[in-house]
Amino acid sequence: MTKALDTHHPAPKGSGTGLLAVFGSTLFQLSGVFMLSPLMLVMLKEREVSTTLAGLFAATTWLGIFIVTPFASAITQRWGRRRAMWFASGVPLGAAIGFMATDHLGLWFALELLAGIAGGMRWVLAEAFIAEFSPPERLGRTMGMYATMVGLTFVIGPTLLAWTGSSGHAALGLVIALLTIGLLWTALIPPIAPPAEPDTAHAGPRGLWLAVQQHPILMLAGFIGGFFELGLASILPLYGLTLGMGASAAALMISVSGAGSTLVAIPVGMVADRFANPVQGRRTLMVAVAAMALVCAAALLAVVRVPWIVWPVVFLLGAAGSALYTLCMTDIGAREKGNQLVNSTAVLVLNYTLGGLVASGISGALIERSATVTFPLVLMLVAALGLGTLLKEHRRQT
């Protein structure tokens, strides 16, 4: 297997230019993507496509992420990180142009799958770039700032769609413009000198398995983070409706959870940077966050008697998921370099996504069975599992 190397004036550790390029590229790319996703669902419904088929179209994005993530390190090793990032930025632009150029539903599914594959590559590569370019002493804060910015794109994209409207070609035109600007920002990412890889560094599924063996606690924390941030957010409207809320209030729960996810990332990252022993400090914060998630899940048992408690609990559960993911990514970025960094990031992304899918997959049935007892008890079980494992690891290291 050939290895594409990034040459010409490699960026030093702590590259401000590199950080600015990755932040700028991601801001425009994800704003375009999160504007495109709801737009495509609206366009499908306008074509009188069934809700089931529209749901499968939305799930195609996650399928693409699952397909590519195990091979992200192998692709990166072969192409080089900058070329792989150009691919990850260029494919969604091509998909958006394709959506405008054709009405063939089969081609739309194929384009969405390709966009999901590119999205999975961007997810892994962008966070690996952030870890490489960030000054070591400010890695937690930088990761928190990046997570906050990503959270804002969830708001920017749909807001722009509401502004343009979904009729005509104005919305797709703006999506294409945003993705084009993001691609141009990607070209500004400076080269990175390839680090000397140890003999244990591998690409592909074998490298991912080694990453799991090296960081099992981080992967569990990533799963729990995805469970409480990504997964719960997707079913909160259903939970709210089951509690007797109106449609608007139930939908608002997603925004409250998203606010918790967005607002906590920078403070948690900044605190993580201030410990004299960063590794133990990050583990201590993870234990505290898991304990907070357990207390919040238990508080949902009281929602029948104290209905207002659901709002701060939803905010804090979203914050807990985001904090765990930010701490995991900071820990990986501080420990790993080169291909091992890409491997570990890819496994974290897989576990985070798996946590989200498990939560969204089982929560509907749990809410239907008992939204006020069974659902909170299962959330408590997940949080307790994470807390117990993290406490055991923390005591072993101290």
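A residue counts as buried when its relative accessible area is under 20%. The views below show a predicted model.

**View 1. Two buried cysteines, Cys296 and Cys328.** The title names residues whose burial follows from the cut-off. Cys296 has a relative accessibility of 5%, so Cys296 counts as buried. Cys328 has a relative accessibility of 0%, and therefore Cys328 counts as buried as well. The structure holds zero disulfides.

**View 2. The second largest pocket and its lining.** About 160 Å³ of space lies in this pocket. Its lining is made up of 14 residues. Pro136, Glu137, Leu139, Arg282 and Ala334 are the lining residues that lie nearest the centre of the pocket. Two or more lining residues come from each of the helices α6 (139–164), α11 (278–299) and α12 (310–335). Which element gives the most to this lining? The answer is α12, with three residues. Sorted by class, the lining of the second largest pocket has six nonpolar, three polar and five charged residues.

View 3. Rolling a probe the size of a water molecule over the atoms shows where empty space is left. In this model, three cavities of 30 Å³ or more are counted. The second largest cavity has a volume of about 70 Å³. It is lined by 13 residues. Nearest the centre of the second largest cavity lie Leu232, Leu236, Leu300, Val314 and Leu317. The elements α9 (216–242), α12 and α14 (374–397) each supply at least two residues of the lining. The largest share of this lining, five residues, comes from α12. By class, the lining of the second largest cavity has eleven nonpolar and two polar residues, with no charged residues.

**View 4. Helix α13, residues 338–370, and its bend at Ser363.** The helix named in this title has 33 residues, and a bend is found at Ser363.

Definitions and conventions
Residues numbered from 1 in each chain as written. Predicted model: local features only at pLDDT ≥ 70, side-chain atom pairs only at ≥ 80, totals over all residues. Heavy atoms only, no water. 1 Å grid on protein atoms, 1.4 Å probe; cavity = no way out; pocket = protein on both sides within 12 Å on 5 of 7 lines; lining within 4 Å. Points joined across faces, edges and corners; volume = space filled by probe spheres on them. Helix = DSSP H or I, 4+ residues; strand = E, 2+ residues; numbered from the N terminus. Nonpolar A, V, L, I, M, F, W, Y, C, P; charged D, E, K, R; others polar. Disulfide = S-S within 2.5 Å. Buried < 20%, exposed > 50% of the residue type's maximum accessible area, 1.4 Å probe, protein only. Expected span 1.5 Å × (residues − 1). Bend = angle between axes of the 7 residues up to and from the residue.
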